[in-house]
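Dear colleague,

Please read the notes with the model open beside them.

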Amino acid sequence: MKSFVGFAVILFSLSFVKSNYTPDWKSLDSRPLPSWYDDVKVGIFIHWGVFSVPGFGSEWFWKDWSTNETGFVDFMDNNFKPNFTYPEFAPQFTAEFYDPEKWAEIFEASGAKYVVLTSKHHEGFTLWPSKVSWNWNAKDIGPKRDLLGDLAKAIRSKTDLHFGVYHSMFDWFHPLYLLDKQNKYSTQYFVDNKALPELFELVNNYRPEVIWSDGDWEASDTYWKSKEFLAWLYNESPVKDVVAVNDRWGANIPCKHGGYYTCSDRYNPKTLQAHKWENAMTLDKGSWGFRRNVELSDYLTIEELVTTLAETVSCGGNLLINVGPTHDGRIIPIFEERLRQFGNWMKINGEAIYGTTPWKAQNDTLTPGVWYTSKGDDIYAIVLSWPKNNVLQLGALQTLPGDKIYMLGVDDPLEYSQAKKVAKIIFPVLPPNELPSTYAWVLKVTQ
């Protein structure tokens, strides 16, 4: 593997002579995001791995168990043989019900336009047959198949969605990483022999259009050789013109450098941001991976999900909605139901989401729960609660003579009036079965 890394270093040094981007943040940050990423607005995140087998706590099960977090030791002592080790879960990661074409159909029905799969989480187990993860990958043990490759093929052959991968820079307990950590990151044995080779495999073999980096925070971007990798990615890689990356490339880098900003998990500032950003969030409020000890109240309602969408897109962000499949490869019914409900809402109201830009006001100054987007000369108001007495009062919207206001999904324009700085819009009186939605309605203001 040293020869592979050596070749990569040579490739880096040669490419800098003729390429546009150099391995420094000033140059790398000047690369514009591919336009498709901002246009699509909504993606699906998938956290799947060996942690899906215990299905307890969260995807951090191995780490929490190792540090005696409350409940984890008791769970193992009460349910597994003495001296059971985490790698013994891997053969039980069976994926016998995994149907990537079914997954693709669900994701497409959700209205999402891109998919990001955890190619490797912090446990180090790769969902593809990585040459640098012998016997700790989905081809060698457990499912005995290329889970990542099968989903990439299904997404690309059955849908128009963009396919991307999440990749954890570190492995919690990899000996080379622990050695580098012990050496205070003065050595880069893990980076040269594990982290970077994995990234090269993912890009060259699967050509992802998103690289969602994570697991970076314990060491600097210099240790991770992040700038060198990104320069190669932007200059020479097979996805150099289409790939979008996030901001998790080293300690103190998130929300400062990279492609789009994620800043922190479930990042939702609810104010307009100067830089393109993404709200990566979960349908299960307590975990990214599947967990068997979840309560019904832990799942987002469809109303909460649409609210999060409105808050995010109005402020310039993308929404990345996470689901955690089971160890046997199922997307559980409540996740599927939420995604299909969301997709049904998007079929009617997606015009106010896809391809939009933030308006001059993100939310209304008079009535809470109204969020704005725009597209060309059209203005969209996403109304999260039906107004009292069917009259919506808006303080941010100033209508002009000749404006028409429609509710998406209703044919006839709505009646409205403008008095000083308040627009009053009359909502339609329709039977419940003729309303375009039972939660969140979109008004379109057009000339």
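Two strands are taken to pair if DSSP finds at least two bridges between them, while helices (H or I, at least four residues) and strands (E, at least two) are themselves DSSP runs, numbered from the N terminus. This is a predicted model, in which local features need pLDDT of at least 70 and side-chain atom pairs count only at pLDDT 80 or more, whereas totals for chains, interfaces and linings use all residues. Residues are numbered from 1 along each chain as its sequence is written, and side-chain values use heavy atoms, with hydrogens and water left out.

I begin with the antiparallel sheet. Strands S10, S13 and S12 form, in that order, an open sheet of 3 strands with antiparallel pairing. Strand S10 (391-394) and strand S12 (416-419) are its edge strands, each pairing on one side only, and the twist averages 20° from one strand to the next. S12 pairs with strand S13 (residues 422-426) in the antiparallel sense over 4 bridges, and Tyr416 has Ile425 in S13 as its bridge partner.

The other sheet is parallel. It is an open sheet of 7 strands in the order S5-S4-S3-S2-S1-S7-S6, with parallel pairing. Strand S5 (244-245) and strand S6 (277-282) stand at the edges with a single partner strand each, so one side of each is left without a neighbour in the sheet. S6 and strand S7 (residues 317-323) are paired in the parallel sense over 6 bridges, and Trp277 stands opposite Gly317 in S7.

Helix H7 (residues 147-158) lies across strand S1 (42-46), strand S2 (114-120) and strand S3 (162-168), running at about 155° to S3. H9 also packs on the sheet, touching S2, S3 and strand S4 (210-214), and its direction makes about 175° with that of S3.

The axes of helix H6 (residues 100-109) and helix H13 (residues 333-349) come within 7 Å and cross at roughly 40°, which makes H6 oblique to H13. Here Lys102, Glu105, Ile106, Phe107 and Ala109 in H6 meet Glu336, Leu339, Arg340 and Gly343 in H13.

Helix H12 (residues 302-314) also packs with H13, at an angle of about 55° and with the axes 10 Å apart, and these helices are therefore oblique to each other. The contact is made by Ile302, Leu305, Val306 and Leu309 of H12 and by Arg338, Gln341, Phe342, Trp345 and Met346 of H13.

Finally, taking a disulfide as a pair of cysteine sulfur atoms within 2.5 Å, the count comes to 1 disulfide. This disulfide joins Cys255 to Cys263, with an S to S distance of 1.9 Å, and the link is right-handed, with 70° about the S-S bond.

Definitions and conventions:
Contact = heavy atoms within 4.5 Å. Axes fitted to C-alpha atoms, helices over the stretch in contact; angles between N-to-C directions. Parallel < 35°, antiparallel > 145°, perpendicular 65-115°, else oblique.
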